[in-house]
Amino acid sequence: MPLLNRQSLQGTGALPSLKEDIQDNENNEINEDTDKPRFICGRTQGQHAAFLLASAKSFREKVRTQWNPFDGAEPQLAKKRCFDVKADMWVEEQVMVQMDKVPFGKGACRECFRMKEIHLDPTVIKTPLAASGTPTWATPTGTLEMSDFAPPTKRNRLQMGDIARSLLELKHVERRNVWVAKRSLEDFNRKFLHRQACETDVIQQTLAKHYAELFNRDVHRCAEESGMGRCGAHDIDFLLTHVIKLSDGHTYSAEAFTLGQYEKHNTNGGLTIGTRTTPQAFSYYSWVKSNHRLMVVDIQGVGDLYTDPVVHSLPSHFSGTLKETLGELNFGIRGFALFLWSHRRNDIDRLLNLPSFPLSPHESAQINFQTGMQVTTLQTIAKEMAKKGNPQGRAKVKSKDLKAEKNKKDDEATPKPPQFQVELGQVLGIRLADWCDWRMAFPRTRSRGSSLDGESGPSRRKARELEMVEAECHMEIAAMYNRGRITLRAGEPRGDPDRREVEAAVFHVVEAARQDLVDAMLALAAFIDGRGHSHFLPQVSPAPELRSTALALLANAATLGSSVAMGALARLILDETSGYLEGPTTEVELRAAAQHLEGFGSEVTRDMEDAIAKHEEKMERKRRKAFSDDEKNGEDDDDDDDDSDDEEAQDLDHEKNALHGQTFGWDNHGWTAETAYLKAAELWESGKLTEDNADDDDDDEQEGADARGQDLRCMAAHAAEVQEKFNALPKRKSSDSDSDSD
């Protein structure tokens, strides 16, 4: 009979009222001065013990019913691999497993088998293969060969565990468990890929279990400190899971066997299901608690014992094994955005003091007032997958699909004329004001060996990227509205956004811009200017009265290191026909233009130098490979390098919004690094600008300006040389046209 444990009892559904009984009993006061029998939820201790015993018997009978048709294959030696989240390592041990011959369940992607597992004594030492070629073990009673295990018959098959125990004398250390072993329907025989998929599933579920423990701890702490109670929050857990690798190289992901009615609460495509608040609060909690690095979604299971989650994550912000958990079900930023768009703040979020994610007034109004927290009809990727026959409602995404969207330029197709116009000043919930005094905003450029924040090393850059995750999610929501991937309309097919959805998208662009996302600043400035956004919310009409805001947005983007914003801002200042400045250009404005031109030249030159250095490193690796391994030719090396570049691009695809890198027409300023330096030198030599640290003498001021101009001309000459080397680099092969196949 399988061992009963607390986790199994909670997850079977056999004790439908046990948890409520225990929770209610916490508030019962016990009078120790009386001899009256102690009552537990209306029962005496004896009655309650009988209730627990009856529940345990019910569970045992259900397990027997489920396992009666067990037709196990021959027991075999296997390697059990468990993942330790805190140590970030795999822990291995050898076990004997007996697998059912026939699967008892099958889904869209995987099938499930019953499996029995017998742990071997650590004192059993594996020795080299015997002469017969079978593995042997040294035991306290002598040497045991695999051939000593007679092939099981129908009569003795279910007693193989007892036979192994008697032979190995493992009366005290042998532990027998029942498990569910899962394997892919498509990739099972592709051993390496299937092993990676199984390991990813185990890592994700173990990681989810870790955050469930943190969630339970914080709920208990906040409930005590606030005096608000638990606000409906339940203790949650995830099933134990590990990888089983058989001697033939095939792998399975195994999880603890449980009974009960499975229920799904949300999906990896942004769909929230039902009225329960605990699962939704846990998904949001995992995102906040991980500092926006991951989010546990696809919450499903029996009661509050969950299994088979999906973890949206940003792999580049992890190290070690966790960095390798990127898969088809991990949407990264898009997965975050889909859940945040459909999630509504609930009482458990407030209990845990989780910060709210800003939503537009139109989105906040999409609430079912009967439950107070559930979105009524949100059409997402998951709904579309469910209509196609995917019972789990899981959506998959591939890097090439994301890359195709990111690389789409405004001039690739003729956009449809908008059916209506939305004025920025009329959008609900936004406030458009100058982000900064653009005349006093200075461009931020890189110095050698440092980041834009002035600190060396990648640590500060990674921290900065994590700070921008919420802004990336806002921009992704706006992009999904624009492509018709999400809608606020009930019962209508997804398509071009309506007025409410355009206004909601603008709200998220403004939120992203206020959080200093350069992509959002460029987009919002393009809305005001009226150019460069024909493929992104073309329904937004130009706002000439907000041109000072557009200049402020570009200036703020320039302070964050955007070379596109530097060049565009300088062009708008110097172009008298742009209409952005009233009256003649002042010295302060000309100085700002010169500084942004110099910053543009510096950034573009540095980008070209980085590309040249990367190419030289690549060629050096190729030369070393050719020297160390003559069997590899140059063509193979090129493919290897391209594959590594593709992996880097794939990480970027998952960790940035769909509009990342688009310039919204602001790159049409006409500058190159050389011409920008030359124009800046011309401004300094014109006599209209003076050095800030120059003396009051006019001659000294002009000499300082002339010296600055000469320095800029030297920089222009250097930029021209770098540009020539950059132009000579081989063009990288495009993979956008590759077939999307496995």
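**Helix packing and selected residues in a predicted model**

The axes of helix α17 (residues 563-574) and helix α18 (residues 587-628) come within 8 Å of each other and cross at roughly 150°. That angle makes α17 roughly antiparallel to α18. Angles under 35 degrees count as roughly parallel, over 145 as roughly antiparallel, 65 to 115 as roughly perpendicular and the rest as oblique. Axes are lines fitted to C-alpha atoms, for helices over the stretch in contact, and angles run from 0 to 180 degrees between N-to-C directions. The crossing of α17 and α18 is left-handed. A crossing is left-handed if the near helix is turned anticlockwise from the far one by less than a right angle, and right-handed if clockwise. On the α17 side, the contact is made by S563, M566, G567, L569, A570, I573 and L574. On the α18 side, E589, L590, A592, A593, H596, L597, G599, F600, E603 and V604 take part. Contact means heavy atoms within 4.5 Å. By class, the contact of α17 with α18 has eleven nonpolar, four polar and two charged residues. Ala, Val, Leu, Ile, Met, Phe, Trp, Tyr, Cys and Pro count as nonpolar, Asp, Glu, Lys and Arg as charged, and the others, Gly among them, as polar.

The model is predicted, and local features need pLDDT of at least 70, side-chain atom pairs count only at pLDDT 80 or more, while totals for chains, interfaces and linings use all residues. Residues are numbered from 1 along each chain as its sequence is written, and side-chain values use heavy atoms, with hydrogens and water left out.

The chain holds 21 helices and 18 strands. Helices (H or I, at least four residues) and strands (E, at least two) are DSSP runs, numbered from the N terminus. Of the 742 residues of the chain, 47% count as buried. Buried means under 20% relative accessible area, exposed over 50%, and partly exposed in between (1.4 Å probe, protein chains only). The accessible surface of the chain comes to about 36,500 Å². Carbon and sulfur atoms account for 49% of that surface. Accessible areas come from the Shrake-Rupley method with a 1.4 Å probe; for residues, only the protein chains shown count as cover. Among contacts between residues at least 6 apart in sequence, 72% join residues at least 24 apart.

Two further helix pairs were examined. Helix α13 (residues 469-483) and helix α14 (residues 499-514) have axes that come within 8 Å and cross at roughly 160°. Helix α13 is therefore roughly antiparallel to α14. Their crossing is left-handed. From α13, the residues A471, H474, M475, I477, A478 and Y481 meet E501, A504, A505, H508, V509, E511 and A512 of α14. The contact of α13 with α14 divides into nine nonpolar, two polar and two charged residues.

For helix α15 (residues 518-529) and helix α16 (residues 547-559), the axes come within 9 Å and cross at roughly 160°. This makes α15 roughly antiparallel to α16. The crossing of α15 and α16 is left-handed. V518, M521, L522, L524, A525 and I528 in α15 meet R547, T549, A550, L553, L554, N556 and A557 in α16. Ten nonpolar residues, two polar and one charged make up the contact of α15 with α16.

The loop between α15 and α16 contains L537. Its phi is positive, about 50°, although L537 is not a glycine. L537 counts as buried, at 0% relative accessibility. D308 lies in the loop between β17 (305-306) and β18 (310-313). Phi of D308 is near 55°, a positive value in a residue other than glycine. D308 is buried, with a relative accessible area of 9%.

D218 lies in helix α5 (residues 191-226) and is buried, with a relative accessible area of 4%. D218 touches Y285, K289 and L352, not counting residues up to four places away in sequence. D218 and L351 are 133 residues apart along the chain, yet their C-alpha atoms are separated by 9.4 Å. D706 belongs to helix α21 (residues 698-727). D706 is partly exposed, with a relative accessible area of 30%. Its C-alpha atom is separated by 8.7 Å from that of S686, 20 residues apart along the chain. Q419 is found in the loop between α11 (399-406) and α12 (459-467). Q419 is exposed, with a relative accessible area of 74%. Q419 and R499 are 80 residues apart in sequence and 9.6 Å apart in space, C-alpha to C-alpha.
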